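User: I would like to learn how to read the features of a protein model. Please take me through them one at a time.

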Amino acid sequence: MPEPPLPAQASVVVIGGGIMGCSTLYHLAKLGVGDAILLERNQLTSGTTWHSAAQVRALRSTRNLTDLIRYSVSLYASLEEETGQATGWINKGSISIATNPDRLVHIKRQAALARLFGIRADSISPGEAKERWPLMNSADVIGAVWSPDDGRVSPSDLCAALVKGARSRGARIFEQTAVTGILTEAGRIVGVETARGTVRCDAVALCTGLWSRKAAAMARVSAPVWPCEHFYLLTKPVPGVQGNLPTLSDHDGHLYIRDDSGGLLVGCFEPLGKPIDPDRLGEDFAFQLLPEDWDHFEPMIANAMHRLPALETAEVKMLLNGPESFTPDGSFLLGESAETRGFFLGCGMNSVGVATGGGAGMALAHCILHGHTPTDLQEADPKRLPDCLASVEALTARAPEVLGKHYEITYPGRQWASARQLRQTPLNEKWVAEKAHFGQVFGWERPLYFDKAAEPALTFGRPDWFDQVGQEVARSHESAALFDLSSFGKILVEGPDAEAFLDRLCANDMRRAPGRAIYSAMLNPRGGVESDLTALRLSDERYRLTVGTAAIKRDLAWLKRQLRDGERVRLADETEAFAVLGLMGPEAACIAAAAGAPELNGLGYFRHGEAEIAELPVRGARLSYVGEAGWEITCRAQDAAIIYDALAAAGARPAGLFAQSAMRIEKRFLALGHELDSDVTPLEAGLDFAVDWRRDFIGREALLRRRDEGVRERLVTILFGDREATPLGNEPVTLEGALFGKTTSAAFGYRIGRPLALAYVDTRMASELEGLRVEIDIARESFAGTLSLEAAFDPKGHRLRPGRPALA
Ligand SMILES: Cc1cc2nc3c(=O)[nH]c(=O)nc-3n(C[C@H](O)[C@H](O)[C@H](O)COP(=O)(O)OP(=O)(O)OC[C@H]3O[C@@H](n4cnc5c(N)ncnc54)[C@H](O)[C@@H]3O)c2cc1C
């Protein structure tokens with residue numbers, strides 16, 4: 001039969017016919033985009049999807065990622081009824097075992113999280129685990145968690161069902177149709193090119209799996225995706241394997257195990273993966289596999305035989321080796337690109353593409369139609385990753401580590417070992433000399449703490465760096481510390497319409513005089529926080545915005561997209577042009593004076609002004625993210641080292657990110673991705689002090705509605721009674737046994753002498769929050785805490801503005 005001609009026009013073109021493309025098309029059609037088309041250069045599922053082990057494990061690190069899989073599960077279980085096509089959904093649950101105490105804490109933390117997210121997960125004994133998996137050697141198992149809701153699916157059948165559902169609603173699919181070019185005009189998608197002609201469209205969904213980096217480049221978009229080889233062993237039938245079994249996760253052994261046609265399927269995430277250049281696979285790589293690599297797999301076989309002695313006599317069917325794509329931080333890419341409007345990414349699935357695909361396709365379709373995902377998904381937003389992590393060099397180094405970390409214990413403070421030294425602040429050499437222990441944030445090397453003796457031993461208990469961080473906090477509290485804030489995003493907004501533009505975007509009043517600093521949230525039309533920033537008004541027509549280190553790409557894209565035709569505003573990323581030193585502590589004033597800038601002392605709280613340090617120009621802004629008196633001192637990047645020397649000679653000593661983070665939690669200062677996201681409004685977060693209702697601004701209507709309805713959650717501080725408790729954030733909070741909320745950030749509060757956390761709690765469950773006694777579940781152990789609506793340290797902010805006027 002001749003191929004049907006391509007349409008000249010489609011609202012949305014989905015590129016790629018794996019699980020992500022099929023699910024996105026299905027959901028677009030379901031949302032009423034009946035003219036959406038899918039272009040697949042080979043055949044549907046022929047990339048990675050066809051050979052997937054296709055396990056579906058519900059629990060992810062955040063509620064919204066977990067909800068995507070929960071959605072997948074209900075979709076996979078119900079598609080047959082809707083379409084008549086079975087998906088092969090089998091709900092047999094999964095068991096995670098622990099063979100060392102830290103793994104036990106890890107899986108118990110996961111069980112606690114599951115409870116918080118409404119997923120069933122029960123701690124079971126090694127004996128009970130063995131009962132559910134009789135072939136397992138449980139001699140070294142010290143604990144286990146049983147998750148009854150997990151299952152698996154047949155990936156090809158699933159895609160067939162999705163496609164059937166999409167077609168029945170008008171969507172069309174064109175196989176053997178490679179996209180060879182992407183057409184843009186003025187930074188917007190206008191069409192795609194194929195060997196069979198051009199299709200004009202308003203939006204593209206890029207679901208091209210491991211080929212996405214190159215495919216995105218056709219639209220001048222950075223998509224940091226790189227494949228690794230990924231292995232599972234299949235055996236012929238094994239005695240004792242009858243019917244379907246739960247999935248057995250032995251993450252200490254890097255393994256997952258399940259039955260397959262009466263035999264065993266043993267998959268692994270070995271400690272270091274093998275990257276593979278997608279160009280080596282070529283464009284015709286359809287329904288193909290990579291060669292077996294027994295040398296690479298061998299250590300895993302030893303682990304597998306230890307866990308399943310029956311494997312010793314089992315006959316091997318094959319060692320399946322298929323490529324799968326990974327991203328630099330192990331989370332997938334979903335959402336509109338920063339670079340090109342109408343270009344949406346749905347790729348880099350990090351080996352959970354089948355589990356997540358149902359929900360992720362739904363979220364992507366929603367995003368294409370409504371401009372935002374149905375719930376906040378900043379952990380998947382393509383704009384969270386810097387371009388420096390998208391180079392071939394960085395990706396070939398990082399992707400194998402990401403694969404290796406997939407089953408690692410998620411210790412607090414864990415850092416990436418590969419693809420480092422990509423971006424250094426102008427003070428990097430100073431920090432190396434001070435024996436900094438570095439972490440990577442948005443590609444930047446940031447000092448976490450100083451005086452590092454050796455690589456820290458990671459633990460869920462009190463960390464190795466506890467004392468060093470304590471000393472750095474003490475410096476800032478008792479004398480003066482220097483924090484390197486240079487990686488914070490800096491955006492220049494200038495032009496005759498700069499004031500009106502920012503005033504429309506920001507919830508706070510931005511029409512203050514030059515010399516003022518303004519803290520504000522930028523809200524979306526739903527009233528949720530897209531970003532929080534501090535603006536320095538430099539002149540009538542110029543503002544410099546400081547945003548989070550990892551928020552710069554997203555915030556710039558947001559600002560650009562709000563610009564109206566003809567609005568006279570120029571936006572520029574000045575992050576690398578300037579360094580920022582946070583000089584904080586009671587001796588900051590003497591140090592600034594000794595270094596040549598006594599005039600900084602004349603600045604009131606939330607005021608900024610020019611000065612000179614070591615005869616070089618600086619701008620000091622009297623504000624603080626750590627709650628001590630001082631300035632954020634901005635200077636030209638090339639002057640930073642000399643200015644640092646002058647401040648250090650006058651007595652300031654360095655402090656790192658861990659100290660800053662502990663101090664901001666004591667001060668109840670909020671952080672994007674922890675307390676703030678695009679679903680949370682300033683009302684829940686307690687940021688109403690920075691909302692100026694008198695003006696019209698984006699999100700005001702929604703915020704007013706929320707205010708009238710009343711909020712259901714509120715941010716509180718929790719003070720722990722037990723000094724030895726080690727909360728990390730993301731823990732359930734209960735009130736008289738009932739789920740009451742969740743911690744968002746946690747630390748040891750050195751200035752208050754005990755652990756504390758910030759948390760959202762359900763205001764419908766208690767009318768009086770102040771002083772309320774609650775319990776916090778840390779790895780299934782209960783700790784008592786007391787709520788406060790104020791900051792734990794210096795709630796009135798006396799230390800921030802000694803003798804200065806009240807907050808502007
Ligand atoms: C061994 C193995 C085991 C796995 N086990 C699991 C598991 O247990 N659970 C789980 O959830 N996930 C698992 N995964 C991962 C999962 O299979 C993938 O995440 C998922 O299949 C990726 O789907 P996708 O749609 O993103 O990519 P793909 O399935 O690769 O689809 C991309 C498609 O895009 C097409 N394409 C590329 N470029 C173009 C172009 N220019 N024009 C048109 N078409 C183009 C390709 O031909 C391909 O068909 C496993 C993966 C492997 C390798």
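Predicted model: local features only at pLDDT ≥ 70, side-chain atom pairs only at ≥ 80, totals over all residues.

User: How many bridges pair strand E11 with E19, and is the pairing parallel or antiparallel?

Analyst: Strands of a sheet pair through backbone hydrogen bonds, either parallel or antiparallel. Two strands pair if DSSP finds at least two bridges between them. Helices (H or I, at least four residues) and strands (E, at least two) are DSSP runs, numbered from the N terminus. Here strand E11 (residues 197-206) and E19 are parallel, with three bridges. Ala-205 has Phe-344 in E19 as its bridge partner. Residues are numbered from 1 along each chain as its sequence is written.

User: Which way does strand E18 run relative to E19?

Analyst: Strand E18 (residues 333-336) is antiparallel to E19, and four bridges join them. Gly-335 is paired with Leu-345 of E19. The hairpin of E18 and E19 has six residues between the strands, and Gly-342 has a positive phi near 80° there.

User: How many residues of E19 are buried?

Analyst: Buried means under 20% relative accessible area, exposed over 50%, and partly exposed in between (1.4 Å probe, protein chains only). In strand E19 (residues 343-347), five of the five residues are buried, so the strand is largely enclosed by the rest of the structure. Phe-343, Leu-345 and Cys-347 are buried on one side, and Phe-344 and Gly-346 on the other, which leaves both faces covered.

User: Which residues of helix H16 are buried?

Analyst: In helix H16 (residues 640-649) they are Ala-640, Ile-643, Tyr-644, Ala-646 and Leu-647. These residues span an arc of only 160° around the axis, so they lie on the same side of H16. The arc is that of the directions from the helix axis to the C-beta atoms. Just after H16, Gly-651 has a positive phi of about 120°.

User: What is the order of strands in the closed barrel?

Analyst: The closed barrel has six strands, E34-E37-E36-E35-E38-E39, with antiparallel pairing. From one strand to the next, the twist averages 40°. Six bridges pair strand E38 (residues 773-778) with strand E39 (residues 781-788) in the antiparallel sense, and Ile-778 has Glu-781 as its bridge partner in E39. H17 packs on the sheet and touches E36 and strand E37 (754-762), its direction making about 130° with that of E36.

User: At what angle do helices H12 and H17 pack?

Analyst: Axes are lines fitted to C-alpha atoms, for helices over the stretch in contact, and angles run from 0 to 180 degrees between N-to-C directions. Helix H12 (residues 466-478) and helix H17 (residues 657-666) pack at about 65°, and their axes are 9 Å apart. Contact means heavy atoms within 4.5 Å. Val-469, Glu-472, Val-473 and Ser-476 of H12 meet Phe-658, Ala-659 and Met-663 of H17. The contact residues comprise five nonpolar, one polar and one charged. Ala, Val, Leu, Ile, Met, Phe, Trp, Tyr, Cys and Pro count as nonpolar, Asp, Glu, Lys and Arg as charged, and the others, Gly among them, as polar.

Definitions and conventions. Heavy atoms only, no water.
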